[in-house]
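Dear colleague,

I am passing on the structure below, and after it you will find my notes on what turned up when I went through it. Please read the notes with the structure open beside them.

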Amino acid sequence: MSPRKSDSRDRMVLGAAALLGEYGVGATSIDRVLARSGAPRGSVYHHFPGGRAQLIDEAVALAGDYVAGLIEAATRADDVTEAIDAFFAVWRDRLVASDFRAGCPIVAVAVETNDEAPQLARSAAEVFARWREALAGLFLRNGVADGRSRRLAAFVIAAVEGAVIMCRAERSTAPLDDAAAEIHDLLVHALRDQPDPVPGHGTRS
């Protein structure tokens, strides 16, 4: 993810998103965000009157937008299987480039109980729903039935997220590579013998 601007507010949100993926919600403190972003301490409550919870919530939204952008780019591809392969490749590159430290900020928020900021779990759920709808739309436009499109979308997201967690634990891309290969084959079979997709919205594999 790259910042939209160079101001301290955007640097803080970007830094918080990176820290969420690496350390989780509990360890994403204001001090760590300031150290990561280089923003002045006085800017915290100027930009985030809701404090740490608001900052984390905005970081979740930023991370959600980033991945949604990847999915939306995939929807413009001519070959849906190549598009999903590329989606997995992005996560693989992030893991390798970060020496297996960069996880998914949305998962970090979803798995931690936060009674003081229950809106964070709701924000994570909304992000997952947005990704699922975007992928389901991609499959639907390529001839997969509506119900199966939604199931496949949920499965792809679950496979990516689970594989990323395993890769970090094993310090290996093998789980992600295996998941990508299996989903590639699954999509080839799901798309085979389906009705032609809507003109202008991709082709079957």
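Arginine 148 is partly exposed, since its relative accessible area is 31%, and the residue belongs to helix H8. Please keep in mind here and below that this is a predicted model. Once the neighbours within four places in sequence are set aside, arginine 148 is in contact with Leu186 and Ala190. Its C-alpha atom is separated by 8.4 Å from that of alanine 136, a residue twelve places away along the chain.

As for the overall build, the secondary structure of the protein consists of nine helices and zero strands, and the order of elements from the N terminus is accordingly written α-α-α-α-α-α-α-α-α. Of the 205 residues in the protein, 45% are buried. When contacts between residues at least 6 apart in sequence are considered, 68% of them join residues at least 24 apart.

The largest nonpolar core comprises 62 residues, and those with the most contacts inside it are Ile84, Phe88, Ile106, Trp131, Leu135 and Phe139. At least two residues of this core are supplied by each of H1 (8-23), H2, H4 (51-74), H5 (80-97), H6 (105-111), H7 (119-141), H8 (146-170) and H9 (174-191). H4 provides the largest share of this core, namely ten residues.

On the H5 side the contact is made by Val80, Thr81, Ile84, Asp85, Phe88, Trp91, Arg92 and Leu95, while H9 contributes Leu176, Asp177, Ala179, Ala180, Ile183, His184, Leu187, Val188 and Leu191. By residue class, the contact of H5 with H9 divides into twelve nonpolar, two polar and three charged residues.

The other pair is H1 with H4, whose axes come within 8 Å and cross at roughly 80°; because 65 to 115 degrees counts as roughly perpendicular, H1 is roughly perpendicular to H4. Here Arg9, Met12, Val13, Leu14, Ala16, Ala17 and Leu20 of H1 meet Gln54, Leu55, Ile56, Glu58, Ala59, Val60 and Leu62 of H4. The residues of this contact between H1 and H4 fall into eleven nonpolar, one polar and two charged.

Two serines may also interest you. Serine 43 lies in the loop between H2 (30-37) and H3 (44-47), and it is buried, with a relative accessible area of 6%. If residues up to four places away in sequence are not counted, serine 43 touches Ser8 and Met12, and Met12 also takes part in the contact of H1 with H4. Serine 123 is found in helix H7 and counts as buried at 14% relative accessibility; with residues up to four places away in sequence again left out, serine 123 touches Asp57 and Val60. Val60 is one of the H4 residues that make the contact with H1.

Phenylalanine 100, with phi near 65°, lies in the loop between H5 and H6 and is buried, with a relative accessible area of 14%. Arginine 171, which has a positive phi of about 50°, is found in the loop between H8 and H9 and counts as partly exposed at 47% relative accessibility.

Lastly, the cysteines. Cysteine 104 counts as buried at 7% relative accessibility, and cysteine 167 counts as buried at 0%. How many disulfides does the model contain? With the requirement that a pair of cysteine sulfur atoms lie within 2.5 Å, the count comes to zero.

With best regards

Notes:
Residues are numbered from 1 along each chain as its sequence is written. This is a predicted model: local features need pLDDT of at least 70, side-chain atom pairs count only at pLDDT 80 or more; totals for chains, interfaces and linings use all residues. Side-chain values use heavy atoms; hydrogens and water are left out. Helices (H or I, at least four residues) and strands (E, at least two) are DSSP runs, numbered from the N terminus. Buried means under 20% relative accessible area, exposed over 50%, partly exposed in between (1.4 Å probe, protein chains only). Contact means heavy atoms within 4.5 Å. A nonpolar core is a set of buried Ala, Val, Leu, Ile, Met, Phe, Trp, Tyr and Cys residues joined through side-chain atoms within 4.5 Å. Axes are lines fitted to C-alpha atoms, for helices over the stretch in contact, and angles run from 0 to 180 degrees between N-to-C directions. Angles under 35 degrees count as roughly parallel, over 145 as roughly antiparallel, 65 to 115 as roughly perpendicular and the rest as oblique. Ala, Val, Leu, Ile, Met, Phe, Trp, Tyr, Cys and Pro count as nonpolar, Asp, Glu, Lys and Arg as charged, and the others, Gly among them, as polar.
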